[in-house]
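Hi there,

Here is the structure I promised to pass on to you. Have a look at it first, and my notes on the pocket and the salt bridges follow below.

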Amino acid sequence: MKKLIKLTVNDREYEMAVEPNLSLTDLIRYELKLTGTKKGCETGDCGACTVILDGIPVNSCLVLAVQANGRKVETIEGLANEAGLHPVQDAFVEHGAIQCGFCSSGMIMSAKHLLDKNPKPEESEIRASISGNLCRCTGYQKIIDAIKSV
């Protein structure tokens with residue numbers, strides 16, 4: 001039986017009926033058509049689905065949509081504005097931190113959260129903040145350099 005939920009995604013309010021077992025990833029990708037959040041392992045290991053839920057980065061594959069009821073979600077699509085890309089997105093492009101792009105949205109969301117809390121992190125803090133996000137292309141150094149540059 002579907003449950004009625006209300007949530008805010010990228011500053012836009014939604015009210016919808018969802019199945020109780022629908023993941024937040026699936027709600028974002030298939031119901032809201034925001035495909036920047038990637039669906040990877042579906043077990044919380046890869047971080048490709050990272051979004052910011054009430055100010056905290058989470059693996060959206062591990063959160064049920066009904067658990068987001070009354071909460072605020074920020075996805076990669078919510079970072080850019082009329083002026084252009086978010087500074088973290090710009091830095092990833094400028095430093096070649098985007099290879100295949102599959103991990104990029106999760107990495108960027110984790111980096112944004114870190115930089116919102118601490119605008120001048122040490123490299124060890126950067127590494128810790130992205131430790132839940134796997135990348136098979138870059139070897140992480142370009143990602144770390146991009147985050148440092150912001």
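**Salt bridges and the main pocket**

E123 counts as partly exposed, at 27% relative accessibility. Please keep in mind that this is a predicted model. The partner of E123 is R127, and their salt bridge has its closest N and O atoms 3.1 Å apart. R127 is partly exposed too, with a relative accessibility of 40%. Both residues sit in helix α4 (residues 123-129), and because they are 4 residues apart there, about one helical turn separates them.

Salt bridges with shared partners also link D26, K39 and E42 into one network. Within it, E42 pairs with K39, with 3.6 Å between the closest N and O atoms. Relative accessible area is 47% for E42, which is partly exposed, and 27% for K39, likewise partly exposed.

Another pair to look at is D116 and K112, whose side chains form a salt bridge at 2.5 Å, N to O. They lie 4 residues apart in helix α3 (residues 104-117), so about one helical turn lies between them. D116 is exposed at 51% relative accessibility, whereas K112 is buried, at 11%. Over the whole structure, the search finds 8 salt bridges.

And what is the volume of the largest pocket? About 170 Å³. Its lining consists of C46, A48, C100, F102, C103, L134, C135, R136 and C137. By class, that lining has 8 nonpolar residues, no polar ones and 1 charged.

Best wishes

How values were computed. Residues are numbered from 1 along each chain as its sequence is written. This is a predicted model: local features need pLDDT of at least 70, side-chain atom pairs count only at pLDDT 80 or more; totals for chains, interfaces and linings use all residues. Side-chain values use heavy atoms; hydrogens and water are left out. On a 1 Å grid over the protein atoms alone, a cavity is a set of points where a 1.4 Å probe fits but cannot get out, and a pocket is an open set with protein on both sides within 12 Å along at least five of seven lines; lining residues have an atom within 4 Å of a point. Grid points are joined across faces, edges and corners, and a volume is the space filled by probe spheres set on the points. Ala, Val, Leu, Ile, Met, Phe, Trp, Tyr, Cys and Pro count as nonpolar, Asp, Glu, Lys and Arg as charged, and the others, Gly among them, as polar. A salt bridge is a side-chain nitrogen of Lys or Arg within 4 Å of a carboxyl oxygen of Asp or Glu. Buried means under 20% relative accessible area, exposed over 50%, partly exposed in between (1.4 Å probe, protein chains only). Helices (H or I, at least four residues) and strands (E, at least two) are DSSP runs, numbered from the N terminus.
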